[in-house]
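Hello,

Here is the structure I promised to pass on.

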Amino acid sequence: MKKTFLGTALAVTATAVAGSLSVDATSAWYRGLRKPSWQPPPPAFGLVWTPLYATIAYAGGRALSHGGDGSRPALARALGANLLLNAAWSALFFRARSPKLALAEILALNASNALLVSRAGRADRRAGLLLLPYAGWTAFATALNAAIVRHNPDA
């Protein structure tokens, strides 16, 4: 069980680091984007993502530990794919400077979140419930990304 939690903690930490290395909220390009009035200030994102990442690691480890042997490989694949999609968004938005491509990608992340919540919830109800704030924040980020695309059609 400890090995499972260590594995999910390492995977989520790698995701967080990869994503954060791509973010540059101080770049002239990003500062020049028109953003909706309801966008949180840049420091809020770190304050939200830190506990969300901790929760993803814990919920993932819990679900993998409680899931039956038959469901564990599919759950591990769902978590791995989700973490890849999670890290990819930052690279597409900030490094590729493509809000439109990032929007398409975050829609895939939302679908991945739904699958992950479902699979985790079948393995362990509490794990599934713990992932709901992550899914909710990602839905909010999707709305924010869509608003940025609408406000910056040429970006």
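Predicted model: local features only at pLDDT ≥ 70, side-chain atom pairs only at ≥ 80, totals over all residues.

Residues are numbered from 1 along each chain as its sequence is written, and side-chain values use heavy atoms, with hydrogens and water left out.

Let's start with helix H3, residues 42-66 (helices are DSSP runs of H or I with at least four residues, numbered from the N terminus). From first C-alpha to last, its 25 residues reach 37 Å, close to the 36 Å expected at 1.5 Å a residue (1.5 Å times one less than the number of residues). Its buried residues (under 20% relative accessible area, 1.4 Å probe, protein chains only) include Trp-49, Tyr-53 and Arg-62. The buried residues of H3 pack against H1, H4, H5, H6 and H7 (contact means heavy atoms within 4.5 Å).

Ser-98 sits in the loop between H4 and H5. It is buried, at 18% relative accessible area. Leaving aside residues up to four places away in sequence, Ser-98 touches Trp-29, Leu-92 and Phe-93.

What lines the largest pocket, by class? The lining has 17 nonpolar, eight polar and no charged residues (Ala, Val, Leu, Ile, Met, Phe, Trp, Tyr, Cys and Pro count as nonpolar, Asp, Glu, Lys and Arg as charged, and the others, Gly among them, as polar). H7 gives the most to this lining, with six residues.

Best wishes

Note on methods
Helix = DSSP H or I, 4+ residues; strand = E, 2+ residues; numbered from the N terminus. Buried < 20%, exposed > 50% of the residue type's maximum accessible area, 1.4 Å probe, protein only.
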